[in-house]
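Please consider the predicted model shown below. The explanation moves through it residue by residue.

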Amino acid sequence: MDSTPEVESLDSDNTSINNNILAGTSSPSAASASTPSRYENQKRRDWKTFGQYLQNHRPPLSLPRCSGAHVLEFLRYLDQFGKTKVHTPVCPFYGHPNPPAPCPCPLRQAWGSLDALVGRLRAAYEENGGNSETNPFGARAVRLYLREVRDLQSKARGISYEKKKKRKTPPPQQQ
């Protein structure tokens with residue numbers, strides 16, 4: 001497909017990105033600390049990777065013209081770098097968390113990785129001058145896609161992603 005640009009994996013640190021796309025200030029917490037946190041470093045790398053994706057997109061995209069549809073295209077593109085086996089419904093191991101033998105099912109990005117990535121990019125977008133109301137990473141289509149991926153992977157791997165319910169602490173006993 002012509003609109004699929006060549007982008008390095010999320011763990012790369014490519015510095016040849018167009019700085020006009022990434023213009024803005026870093027977060028105050030990162031600026032005040034002598035060494036950025038692991039989260040801040042990953043967010044910066046993810047932001048650069050997304051900026052490179054926009055730059056290499058055909059036709060090239062500027063950040064203000066980026067929409068939720070472009071974010072979805074980016075997330076689907078990243079699937080090729082995934083390391084999580086996601087069984088198809090016709091696979092004999094569909095629904096088994098620990099299959100006893102190899103199968104030809106595709107490797108995809110894990111839902112948790114995509115969810116964390118979108119969260120980091122959403123924060124980076126706003127830190128780099130983007131308006132929270134127009135943030136493409138918070139678009140309804142992106143949230144629905146993440147929910148769909150979570151549900152599909154949950155069924156395919158036989159793993160529940162349900163939130164754990166908080167235990168209610170019993171009221172203190174009066175004596």
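A pair of aromatic rings is described by the distance of the centres and the angle of the planes. By the pairing rule applied here, the model holds 9 aromatic pairs. One of them joins phenylalanine 50 and tyrosine 53, whose rings are stacked, with 6.3 Å from centre to centre and 20° between the planes. The angle qualifies as stacked because planes under 30 degrees apart are placed in that class. Both residues belong to helix 2, and because they are 3 residues apart there, about one helical turn separates them. Phenylalanine 50 has a relative accessible area of 1% and is therefore buried, the cut-off for that term being under 20%. Tyrosine 53, at 0%, is likewise buried.

The class follows from the angle, because planes over 60 degrees apart count as edge-to-face. Tyrosine 77 is buried, with a relative accessible area of 7%, whereas phenylalanine 81 has a value of 29% and so counts as partly exposed. These two pairs come together in one aromatic cluster, formed by Trp47, Phe50, Tyr53, Phe74, Tyr77, Phe81, Tyr125 and Phe137.

Cysteine 66 is placed in the loop between helix 2 (38-56) and helix 3 (68-78). What does cysteine 66 touch, leaving aside residues up to four places away in sequence? The contacts are Phe50, Leu54, Val71 and Pro136. Cysteine 66 has a relative accessibility of 7% and therefore counts as buried. Threonine 134 stands 68 residues from cysteine 66 along the chain, yet the C-alpha atoms of the two are separated by 9.6 Å.

Attention now turns to helix 5. This helix spans residues 140-157 and includes glutamine 153. Is glutamine 153 buried or exposed? Its relative accessibility is 2%, so glutamine 153 counts as buried. The side chain of glutamine 153 reaches the backbone oxygen of glutamine 109 at 2.8 Å, a distance that lies within the 3.5 Å used for a polar contact.

Arginine 150 lies over the face of tryptophan 111, at 6.0 Å from the ring centre.

Notes. Residues numbered from 1 in each chain as written. Predicted model: local features only at pLDDT ≥ 70, side-chain atom pairs only at ≥ 80, totals over all residues. Heavy atoms only, no water. Helix = DSSP H or I, 4+ residues; strand = E, 2+ residues; numbered from the N terminus. Buried < 20%, exposed > 50% of the residue type's maximum accessible area, 1.4 Å probe, protein only. Polar contact = N/O pair within 3.5 Å; in protein donor to acceptor, adjacent residues only side chain to side chain. Contact = heavy atoms within 4.5 Å. Phe/Tyr/Trp six-rings, centres within 6.5 Å; stacked < 30°, edge-to-face > 60°. Lys NZ or Arg CZ within 6 Å of the ring centre and 35° of its normal.
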